[in-house]
Amino acid sequence: MKKNKQVIVVGGGAAGMIAAISARRQGADVTILEKNPRIGKKILATGNGRCNFTNINADAGYYHGNNPKFTYSALSQFTADDTILFFEKLGIAHKVEEFGKVFPMSDQASSILDVFLYELNELGVNIVCDAQVKDIRKNDKFSVALVGGKIYKGDRVIITTGGKAMPASGSDGSGYDLAARLGHTIVDIFPALVQLKLESPFLKRLDGVKFVGTAEIIHNNKSVAKDRGDILFTDYGISGPPILQISRKAGELLKAGQEPFLKITIMDTMSKDELRKLLKKRWQISSSKPLDFSLVGFINKRLIPVVLMEAGISDVGRPVANLSAKEQERIIDLLIDWRFRIRGTKSWPSAQVTAGGVDTREINQDTMESKLVKGLFFAGEIIDIDGQCGGFNLQWAWSSGYIAGQCAAL
């Protein structure tokens, strides 16, 4: 009689839970080892507590890493539609919102965790919490050693420990050490989907100013990343969804010792010529008004004194009629192309995801099995793959985790 495979899943996050379910459904005996007092902690924080659990547009184009095409096979084998159906069968009704984001109808991330816990329990998956793995060795079987001395033996091991982003959820990067000791190469990691720190004397004055505009990363005078939406100035720099989306490129350049700049377009719904005509007409009509007051109702009024100072105009209360043509052009330029030197990104507690990780060249893209250690699998954020905001990172966790679990059980 064929004996069930003993599968040990190291890490009980999104990828770990689905890997455990997938392996168990294939007949394996599965144990999850989770360092936290409970599994799935990070899921509760996703999508502002609503859990944007996939995106209907998910494909390789939304992912980053040294080889984003690595995602193609897993995303094809377990698609966004498969994810929606998987959760539907567990009890999650869904709704699709702007940009293809998918949420539980309940608007509660806890719903996702609840149905996972129920299914894991129904399937008889052994969940061991407060279990910090300190070492994994492979002889005829795998020996997984915990801090404290306990050892678990298994035929297969799936490492789903996540990255270093959001360390309060338990992500401490320990999985990279485990992978490295098993012979794997770790592509340098850095925070992604994170706020940017800027160099500017006006940040305290701008703190809390919010507007809809376009943000771009500029390198060697070329735009290398761009997004539009709500932008928020802070006392350290800048935040908002567009900033998070383009932050990875900034982090990548900074890590390579480059000097990227951030370009902000406040008036991004018109061309420079259209803006010039509009402002000249406005200034003509209000020629007797103080310069700073002439822009009230046109841009956020807390931006006005800073924009004027950046344009080299210190006497902001003088009449508009005294504004020279050169000064007018400097104001127009700033509203279309305001640049800041990026001095860094916020660190791991602020990041939503980790860029870098286990080198994809050492993993079979069709099975998630290590090419170096037979029976060892990886899934989720620990791999050198990270997605854009909008449900793409969770979809990668589901796709890679499901495939890893299925193949580990065989």
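**Close-up views of a predicted model**

**View 1. The crossing of helices α1 and α4 is left-handed.** In such a crossing the near helix is turned anticlockwise from the far one by less than a right angle, clockwise being right-handed. The model is predicted, with local features requiring pLDDT of at least 70 and side-chain atom pairs pLDDT 80 or more, while totals for chains, interfaces and linings use all residues. Residues are numbered from 1 along each chain as its sequence is written, and side-chain values use heavy atoms, without hydrogens and water. The axes of α1 (residues 14-25) and α4 (residues 109-123) come within 10 Å and cross at roughly 30 degrees. α1 is therefore roughly parallel to α4 (angles under 35 degrees). Axes are lines fitted to C-alpha atoms over the stretch in contact, with angles from 0 to 180 degrees between N-to-C directions. Helices are DSSP runs of H or I with at least four residues, and strands are runs of E with at least two.

**View 2. Residues of α1 meet residues of α4.** Met 17, Ile 18, Ala 20, Ile 21, Arg 24 and Arg 25 of α1 meet Leu 113, Phe 116, Glu 119, Leu 120 and Leu 123 of α4 (heavy atoms within 4.5 Å). Eight of the contact residues are nonpolar, none polar and three charged; Ala, Val, Leu, Ile, Met, Phe, Trp, Tyr, Cys and Pro count as nonpolar, Asp, Glu, Lys and Arg as charged, and the others as polar.

**View 3. Three strands form an open antiparallel sheet in the order β3-β6-β5.** β3 (54-55) and β5 (94-96) are edge strands with a single partner each, so one side of each has no neighbour in the sheet. Two bridges join β3 to β6 (residues 101-104) in the antiparallel sense (pairing requires at least two DSSP bridges). Asn 55 has Lys 101 in β6 as its bridge partner.

Notes
Parallel < 35°, antiparallel > 145°, perpendicular 65-115°, else oblique.
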